Amino acid sequence: MEQLKTIAINELDVVALLADAPEENLTRGQVGTVVHTLDNDTVLVEFCDNDGAAYAITALPTKLLLPLVYESRAA
């Protein structure tokens with residue numbers, strides 16, 4: 001089985017949540033923006049509605065996040 005490449009998560013990256021975070025009222029698939037790196041494994045993510053109003057800002061482990069890519073990258 002092919003091993004997946006790890007993609008670094010940086011500030012201002014757009015990410016999708018890979019699992020529910022019920023304590024924050026967030027569900028798998030919600031999209032947010034990384035606003036701060038707290039340490040090697042944790043980032044602060046802001047989730048906004050369609051009008052740009054933040055409805056959650058929370059620290060999340062990077063293993064629960066999928067960086068979304070909008071440009072071509074080599075596999």
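These legends walk through a few close-up views of a predicted model.

Residues are numbered from 1 along each chain as its sequence is written. In this predicted model, local features need pLDDT of at least 70, side-chain atom pairs count only at pLDDT 80 or more, and totals for chains, interfaces and linings use all residues, while side-chain values use heavy atoms, with hydrogens and water left out.

**View 1. The five-stranded sheet.** Here you can follow an open sheet in the order E4-E3-E2-E1-E5, with antiparallel pairing. Strands are DSSP runs of at least two residues, numbered from the N terminus, and two of them pair if DSSP finds at least two bridges between them. Strand E4 (54–61) and strand E5 (65–67) are the edge strands, each pairing on one side only.

**View 2. Strand E3 and its partners.** Strand E3 (residues 42–48) runs antiparallel to E2, and five bridges join the two. Have a look at Thr-33, which stands opposite Glu-46 in E3. Seven bridges join E3 to E4, also an antiparallel pair, and Thr-42 stands opposite Pro-61 in E4. Five residues lie between the strands in the hairpin of E3 and E4, where Gly-52 takes a positive phi near 90°.

**View 3. Gln-30 and its surroundings.** Gln-30 is found in the loop between strand E1 (14–17) and strand E2 (31–39). Its side chain reaches the backbone nitrogen of Thr-27 at 2.6 Å. Beyond its neighbours within four places in sequence, Gln-30 is in contact (heavy atoms within 4.5 Å) with Val-15, Ala-16, Leu-17, Asn-25, Phe-47 and Tyr-55.

Methods. Helices (H or I, at least four residues) and strands (E, at least two) are DSSP runs, numbered from the N terminus. A polar contact is a pair of N or O atoms within 3.5 Å; within protein, one must be able to donate a hydrogen and the other to accept it, and residues adjacent in sequence count only if both atoms are side-chain atoms.
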